[in-house]
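Here is a short report on the structure shown below. It covers charged pairs, helix packing and the surface.

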Amino acid sequence: MQAAPVRATAIPSFTTALRAVESLLMSSGQRTARRNAWTSVLEDRRRAKDRVEAQRVLEQATSVRP
């Protein structure tokens, strides 16, 4: 049984391929704006998660009374 041949170059990831296409189609300003927008989306999601956690803690603190 023979082993499969080893590739000399790595296969690019989907993200790498997408960024290559993006760089061909968009100007650098558009790429920057798009990445900034995505960073904002991720930050909004993080803040929403933090708000839900804070609300849960507050509800637990107010519901536990002696």
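Arg-46 and Asp-50 sit 4 residues apart in helix α2, about one turn of the helix. Helices here are DSSP runs (H or I, at least four residues), numbered from the N terminus. The side chains of Arg-46 and Asp-50 join in a salt bridge at 2.6 Å, N to O. A salt bridge puts a side-chain nitrogen of Lys or Arg within 4 Å of a carboxyl oxygen of Asp or Glu. Arg-46 has 41% relative accessibility and so counts as partly exposed. Asp-50, at 40%, also counts as partly exposed. The classes are buried (under 20% relative accessible area), exposed (over 50%) and partly exposed (in between), with a 1.4 Å probe and protein chains only.

The model is predicted: local features need pLDDT of at least 70, side-chain atom pairs count only at pLDDT 80 or more, and totals for chains, interfaces and linings use all residues. Residues are numbered from 1 along each chain as its sequence is written, and side-chain values use heavy atoms, leaving out hydrogens and water.

## Further pairs and a network

Asp-44 forms a salt bridge with Arg-47; their closest N and O atoms are 2.3 Å apart. Both lie in α2, 3 residues apart, about one turn of the helix. Asp-44 is partly exposed at 42% relative accessibility. Arg-47 is partly exposed at 37%.

Glu-53 and Arg-56 form another salt bridge, with closest N and O atoms 2.6 Å apart. They are 3 residues apart in α2, so about one helical turn separates them. Glu-53 is partly exposed, with a relative accessible area of 38%. Shared partners link Glu-43, Asp-44, Arg-46, Arg-47 and Asp-50 into one salt-bridge network. The whole structure holds 5 salt bridges.

## How α1 meets α2

At what angle do the axes of α1 and α2 cross? They cross at roughly 135° and come within 9 Å. Axes are lines fitted to C-alpha atoms, for helices over the stretch in contact; angles run from 0 to 180 degrees between N-to-C directions. The two helices are therefore oblique to each other.

Arg-19, Glu-22 and Ser-23 of α1 contact Arg-31, Arg-34 and Arg-35 of α2. Contact means heavy atoms within 4.5 Å.

## A nonpolar surface patch

Leu-25 belongs to α1, residues 14-25. Its relative accessibility is 68%, so Leu-25 counts as exposed. Val-21, Leu-24 and Leu-25 form a nonpolar patch on the surface, with about 360 Å² of accessible area together.

Notes: Patch = residues over 30% accessible without salt bridge, like charges linked within 9 Å, V, L, I, M, F, W, Y side chains within 5 Å. Areas by Shrake-Rupley, 256 points an atom, 1.4 Å probe, with all protein chains shown as cover. Parallel < 35°, antiparallel > 145°, perpendicular 65-115°, else oblique.
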